[in-house]
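The entries follow in the order in which I checked them.

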Amino acid sequence: MLRDLGLSYAARFATTGAKLEGYLARKIRERGVAEDDDGRLLELDVAGLVTQMIELGYVNDDAYARSKSRDLTGRGYGARRVEQTLWAAGVGEGIRESNAPAEAESRRAAILLAKKRRFGPFGRPESFEDVAEDENGDPLERRKLREKQVAAMLRAGHLYDHVRFILDASSIGETDEWLAEAEEAEDANGQGETGPW
């Protein structure tokens, strides 16, 4: 029955060995003590079952980490948030490091979040008159707005240097050049555009 629960869970959800083990342990606790037909307590080898499922390929921490990293950066989250999410899922340190977003991917994610939230150059008015009016606004309000934008990007897991660059960028073209610079550096090093995976 425990094996069926594990297989059902692995078939429905992308998971890691640690998450599957936690799920199975929770199910055992919820259903009470396991006994055989004679009323004797059964010793359940949850770790052994999880190891067997990993060996059979039903659970793959590396594939999970790769998928989760792509998903999070594709939604605008930074490397620190990816690391935290993978750590919480029980992914080992070596796998977390090998699936961490590369520099270009981190910059791309930071720009994506700034676009979505209309931060930095993505939230500035387009016409000259609007820009002049915006610059003459209350300095205290501009400072509060910037602090909120910095906090939001840091919570999303971005590096402070990336946040500062984007919020200080004078134009969208400047952020595009910044991203292209990282992509060219990765291409020169042989990593390609999409990072280490």
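I began with Trp 178, which is buried at a relative accessible area of 8% (buried means under 20%, exposed over 50% and partly exposed in between, with a 1.4 Å probe and protein chains only). I note that this is a predicted model, in which local features need pLDDT of at least 70 and side-chain atom pairs count only at pLDDT 80 or more, while totals for chains, interfaces and linings use all residues. Residues are numbered from 1 along each chain as its sequence is written, and side-chain values use heavy atoms, with hydrogens and water left out.

Because Phe 165 lies in helix α10 (residues 160-168) and Trp 178 in helix α11 (residues 172-189), the pair ties together parts that are 13 residues apart in sequence (helices are DSSP runs of H or I with at least four residues, numbered from the N terminus). Phe 165 itself is partly exposed, at 24% relative accessible area.

I then turned to the packing of the two helices: α10 and α11 meet at an angle of about 145°, with their axes 9 Å apart (axes are lines fitted to C-alpha atoms over the stretch in contact, and angles run from 0 to 180 degrees between N-to-C directions). On the α10 side I listed His 162, Phe 165 and Ile 166, and on the α11 side Glu 174, Thr 175 and Trp 178, as the residues that make the contact (heavy atoms within 4.5 Å).

For α11 I recorded Thr 175, Trp 178, Leu 179, Ala 182, Glu 183 and Glu 186 as its buried residues. They cover an arc of only 130° around the axis, which puts them on the same side of α11 (the arc is that of the directions from the helix axis to the C-beta atoms). Among what covers these buried residues are α7 (103-117) and α10, whereas the face turned away from the buried side carries the exposed residues Glu 177, Glu 184 and Ala 188. Just after α11, I found Gly 190 with a positive phi of about 85°.
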